[in-house]
Amino acid sequence: GSYNVLDLNVTASAAADVVAVAAGFQASDGAFGDAGAIVTNVSLGNVSATIDGNASVTAANNVNVAALATDTIDVGAGALGIGDEAEGAGLSIVTNVMDGQTTASVDSASITALAGNSADKVLADTGALSSPDLSGSALTDPSSLTSGVTSAVADGLKLATTSVTGLVVDAASTEDPAVVAISGGFSGGAAGAVNVVTNVLAGTTSASISSSQIDTGSGTPGA
């Protein structure tokens with residue numbers, strides 16, 4: 001269809017926040033004391049914002065097509081094995097898989113965004129990171145076992161934004177796995193502890209304009 005508007009916002013967003021805790025403990029007064037903790041998290045999701053289907057849009061100011069996905073996984077895993085004689089061992093295994101498609105698109109459409117009001121702006125991601133403080137004590141924060149970094153560093157690792165007018169096609173995704181894994185083994189003989197952490201970040205993010213006419217219209221858009 002055809003649409004005459006002041007502003008048009010086509011937005012889609014999703015936020016996944018997974019928290020998991022696993023613990024294993026074994027104490028034996030015999031030969032062996034073995035304990036294990038295994039955690040597997042899988043975060044899957046698709047986020048899509050699109051204008052298509054031969055739609056014709058004329059906006060007095062801005063047309064904003066935006067898709068945003070934010071995935072966070074916080075994991076704590078611990079294992080303690082105590083053997084009185086021969087052997088004590090602890091094993092923690094953590095696997096995080098974060099996958100999904102984040103897509104913003106204009107496909108087979110006609111879009112005219114006249115940006116008539118210069119004060120009416122759209123906040124868009126630049127595709128770059130903000131500026132983290134990587135100096136001195138800013139790198140680590142002993143009081144934070146989850147992130148291990150100060151807020152100055154964490155804030156700087158967020159996506160940078162800018163204010164623009166006209167047509168905006170913006171797709172952004174952030175994936176943040178935070179893991180604390182602790183294992184211990186104690187024995188009168190052999191003792192061992194192993195932590196295995198695997199993070200798989202396999203998502204895709206895309207913003208595209210295809211088979212479309214942009215800023216080709218004329219006339220006086222209305223609200």
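These are my notebook entries on what I looked up in this structure.

**Entry 1: the whole chain**

I noted before anything else that this is a predicted model. I looked up its confidence next. The mean pLDDT of the chain is 84. I also saw that 84% of the residues reach 70 or more. One stretch needs care: over residues 144–149, pLDDT stays under 50. For that stretch the model has 10 contacts beyond four places in sequence.

Then I listed the secondary structure. I found 15 strands and 1 helix. The chain has 223 residues, and 31% of them are buried. Its accessible surface comes to about 11600 Å². Carbon and sulfur atoms own 53% of that surface.

I also checked how far apart in sequence the contacting residues are. I took the contacts between residues at least 6 apart in sequence. Of these, 85% join residues at least 24 apart.

**Entry 2: the sheet of 3 strands**

What is the order of the strands in the open sheet of 3? I read it as β3-β7-β13, with parallel pairing. The edges are β3 (32–44) and β13 (190–201). Each has a single partner strand, so one side of each is left without a neighbour in the sheet. On average it is 0 degrees, direction ignored.

I followed one pairing in detail. Strand β7 covers residues 87–99 and pairs with β13 in the parallel sense over 12 bridges. I picked Leu91 and looked for its bridge partner in β13, which is Val194.

**Entry 3: the sheet of 4 strands**

I moved to another open sheet, with 4 strands in the order β1-β5-β9-β15. Its pairing is parallel too. Here β1 (2–5) and β15 (213–214) stand at the edges. Why is one side of each left without a neighbour in the sheet? It is because each has a single partner strand.

I checked β9, residues 110–113, against β15. They run parallel and are joined by 2 bridges. Ser110 has Gln213 in β15 as its bridge partner.

**Entry 4: pairings of β6**

I followed strand β6, residues 63–83. It pairs in the parallel sense with strand β2 (residues 8–28) over 21 bridges. As an example, I found that Asn9 has Asn64 in β6 as its bridge partner. β6 also pairs in the parallel sense with strand β12 (residues 167–187), over 21 bridges. Across that pairing, Val75 stands opposite Val179 in β12.

**Entry 5: the nonpolar cores**

Which residues touch the most other members of the largest nonpolar core? I wrote down Ile51, Val63, Val65, Ala104, Val106 and Ile111. This core has 19 residues. I then asked which strands supply it. At least two residues each come from β4 (47–51), β5 (56–59), β6, β8 (101–107), β9 and β12. The largest share, 4 residues, comes from β6.

I picked Ser43, which lies in strand β3. Is Ser43 buried or exposed? Its relative accessible area is 7%, so Ser43 is buried, as the cut-off for buried is under 20%. Beyond four places in sequence, Ser43 touches Ala16, Asp71, Ile73, Val97, Met98 and Asp99.

I went on to Asp99, in strand β7. Asp99 counts as partly exposed, at 30% relative accessibility. Asp99 and Ser43 are 56 residues apart along the chain. Their C-alpha atoms are separated by 6.2 Å. Leaving aside neighbours within four places in sequence, the contacts of Asp99 are Ser43, Leu44, Gly45, Ala202 and Gly203.

**Entry 6: Ser173**

With 26% relative accessibility, Ser173 counts as partly exposed. I looked up its contacts, leaving aside neighbours within four places in sequence. They are Ala69, Thr102, Leu159 and Thr205. I also checked Thr103, which is 70 residues from Ser173 in sequence. From C-alpha to C-alpha, Ser173 and Thr103 are 9.6 Å apart.

Definitions and conventions
Residues are numbered from 1 along each chain as its sequence is written. This is a predicted model: local features need pLDDT of at least 70, side-chain atom pairs count only at pLDDT 80 or more; totals for chains, interfaces and linings use all residues. Side-chain values use heavy atoms; hydrogens and water are left out. Two strands pair if DSSP finds at least two bridges between them. Axes are lines fitted to C-alpha atoms, for helices over the stretch in contact, and angles run from 0 to 180 degrees between N-to-C directions. Buried means under 20% relative accessible area, exposed over 50%, partly exposed in between (1.4 Å probe, protein chains only). Contact means heavy atoms within 4.5 Å. Accessible areas come from the Shrake-Rupley method with a 1.4 Å probe; for residues, only the protein chains shown count as cover. pLDDT is the predictor's confidence in each residue, from 0 to 100. A nonpolar core is a set of buried Ala, Val, Leu, Ile, Met, Phe, Trp, Tyr and Cys residues joined through side-chain atoms within 4.5 Å.
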